[in-house]
Amino acid sequence: MKRLIGVGVGPGDLELVTVKAVRVLREADVVLVPVLAGSALQTPEPGRAETIIRAYVDAGKIKRVEFALNDTGGVTPRRAAAWRAAGTAVAAEFAGGASTVAFGTLGDPNLYSTFSYLAQTVRDLVPGVDVQTMAGITAMQDLASRARISLAEGTEPVTLVPLNGGVGALEAALASGGTVVGYKVGAAASPDPQTLRDSLHQAGRLEDAVIGARLGLPGEFITPAAEFLAPAAEFLAPASASPSTPESAPAPTSEPKNIPDIPYLSTLIIPVRRPSRGSSLARNQSAPETRRTDGTLGRSYAAQCSIGPTEGSGPTEGSGPTEGSGPTEGSGPTEGSGPTEGSGPTEGSGLAEAGGPAGAGGPAGAGGPAEAGGLAGAGGPAEAGGLAERARGRVSFVGAGPGAPDLLTLRGANVIAAADVVIWASSLVHPDVLTHAGKNAEIVDSARLPLEGVLPYYERAAEEALNVARVHSGDPSLWGAIQEQLDQCAALNLDTEIVPGVSSFTAVAARIGRELTIPEVAQSVILTRLGGGKTPMPPGEQVAEFARHGTTMALFLSAARSAQLQDELLAGGYPPDTPCVIAFQVTWPDELIVHCVLEDLAASIKERKLWKHTLVLVGPGLGAGGSRSHLYHPGHFHGYRKADRKARKQLRAAHRPTPADGP
């Protein structure tokens, strides 16, 4: 089978390429990259996508394909001819024996990418070709991360708009509410800076808007739109005399005019305005105000955060992904299994499948203080280049796990040991967790305290520069009621951190000796709760709707309405004989675990009078053996292990589509 794969390589930062993208690029027979028509031979320097790919793939397998990237007249004959030529080049690779051709594109291949045009052409030239895409990090995500902007909360929408579609599309998006993201700010057909500024001002959205370009590259800039889109006279300060300049020398002048040469790939984020809290997370941070200079535009501006461009543009030792350093899998609350009202595991999903650039180790400074290039105030002190500040207080929200005190993480134990004040809920957290507290620490039981009873301790921490460990059951990040506390800490100018905790649903899986994601049976886990309790569920988030997926589901805070729970699971499509696990107080001394089928779920819960601290697992994966995972198959390879050739052929043959499966 012939495969054409569009691979998103991110916005520019070499570390924002996904592991899957690297693997696909390395396994492909040839990798194509887009270049401006007419420049493939004349320009020796690689483009942005090619530069990223060269960090991971041998340059010998990379080939350039011309596109009319600078043609702004819509579907012009020149652009159509370029698409046809690029498609013909791909067809030639297939005719020459290639089975997999990868096409590298900036950002994500399904958002404003040249790949969609290429794919349409190749489908016409190569009947039966299998076209796939590999998602990539978008400029929107990278800019939001660097500028500390929360793109969406609750039910807020996010609207993406290509600004070269005209100012009308932008104004319509602004009128619809929610965060608006504008792409291609510098395109010839996009609104000029003054028009763009006026539209944002009239909508009342100018002050929070941020523009960024060349993210993760030399010359990167991130700046408030109000500054960047201002006429030159508004931001060009008069030149001051210097010791080497005679006072009588005339100061340079500049004619007022709009900012020229906005990069084509600039991105604009216009955050939604929230009454309770600012859209920019930077407002809740304590990073020192810095000024960063964009050498290309020749101007300085106040940075939204203290992130500077990485020294050098290529990957360095210690900057690449390693096994076990992958993203953590979030989890849910626990007034389910163990007296926990928030829980979540931190499963290390190894990133070494595809490896990283040569000599890659873990990300510099990962998991520790923000060192060179790190975030000031985001998990550690700003050391290199930081400005001296008055000592400030700190509140650390520590996940204590589902119950057993030895399931507390080492980081959590260390935070508790260093705390001046330890706040814990005796109704939810095992008392032995307090054995880690220092002998002089003040211990506060919050079991009977509302938020207003805890706030005085945060106020003291701000006044006296104290360290407070706020110990939550499970994991604080989901159903942990920490957002309101984080907001209060931000108002008090306190540093904060969140220390993950072990989730009750993973603890239950461990206790019953089951994997929740069985190959070819259940590869997803849904964490949710039953509606109708103290906290209303948003529209579309009903148990019956989630049940239609038929995968593994973990249900928290739902045992008190067991009949409703059973009815909704059945209504959603789970068969009556679907395996279920009822877990009460998991990992506590009075732990109780019951196995049953779905049609007996309500009766099993009522018989044992379980109404709180109970978690329910349901799904076919709880009773299925499944098929063998590829991860430890001898035919599977990754950065630390080579595949056995014979086993590799067998593995491929076992998953080769049959004629009935189609192309």
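Which residue in E10 is the bridge partner of valine 210? I looked it up, and valine 210 has isoleucine 269 as its partner in E10.

**Ground rules.** I'm working on a predicted model, where local features need pLDDT of at least 70, side-chain atom pairs count only at pLDDT 80 or more, and totals for chains, interfaces and linings use all residues. Residues are numbered from 1 along each chain as its sequence is written, and side-chain values use heavy atoms, with hydrogens and water left out.

**Confidence.** I checked pLDDT, the predictor's confidence in each residue from 0 to 100. The chain's mean is 74, with 70% of its residues at 70 or more. Residues 277-388 fall below 50, yet that stretch has 300 contacts in the model beyond near neighbours in sequence; a contact means heavy atoms within 4.5 Å. Residues 658-663 are also below 50, and there I find 3 contacts beyond near neighbours in sequence.

**Mixed sheet.** Back to E10: its sheet is open, has 5 strands in the order E6-E7-E10-E8-E9, and its pairing is mixed. Helices (H or I, at least four residues) and strands (E, at least two) are DSSP runs numbered from the N terminus, and two strands pair if DSSP finds at least two bridges between them. The edges are E6 (158-162) and E9 (221-224), each pairing on one side only. On average, neighbouring strands here are turned by 15° against each other, direction ignored. E8 (210-213) and E10 (267-270) are antiparallel, with 3 bridges. Helix H5 (139-147) packs on this sheet, touching E6, E7 (179-183), E8, E9 and E10, and its direction makes about 60° with that of E10. For such angles, axes are lines fitted to C-alpha atoms, for helices over the stretch in contact, and values run from 0 to 180 degrees between N-to-C directions.

**Parallel sheet.** I then looked at the open sheet E3-E2-E4-E1-E5, which has 5 strands and parallel pairing. E3 (62-67) and E5 (130-134) sit at the edges, each pairing on one side only. Neighbouring strands in this one are turned by 25° on average, direction ignored. E2 (30-36) runs parallel to E3 and is joined to it by 6 bridges; valine 33 has arginine 64 in E3 as its bridge partner. Helix H3 (77-95) lies across E1 (3-8), E2, E3 and E4 (100-105), at about 155° to E3.

**Helix pairs.** H3 also packs on H4 (115-125) at about 55°, with the axes 8 Å apart. The two are therefore oblique to each other; under 35 degrees counts as roughly parallel, over 145 as roughly antiparallel, 65 to 115 as roughly perpendicular, and the rest as oblique. Their crossing is right-handed, a label given when the near helix is turned clockwise from the far one by less than a right angle.

How are H6 (167-176) and H7 (193-202) packed? I get an angle of about 20° and axes 10 Å apart, which makes H6 roughly parallel to H7. Val167, Leu170, Glu171 and Leu174 in H6 meet Thr195, Leu196, Ser199 and Leu200 in H7. By class I note 5 nonpolar, 2 polar and 1 charged; Ala, Val, Leu, Ile, Met, Phe, Trp, Tyr, Cys and Pro count as nonpolar, Asp, Glu, Lys and Arg as charged, and the others, Gly among them, as polar.

Last entry: the axes of H11 (451-464) and H12 (483-491) come within 11 Å and cross at roughly 35°.
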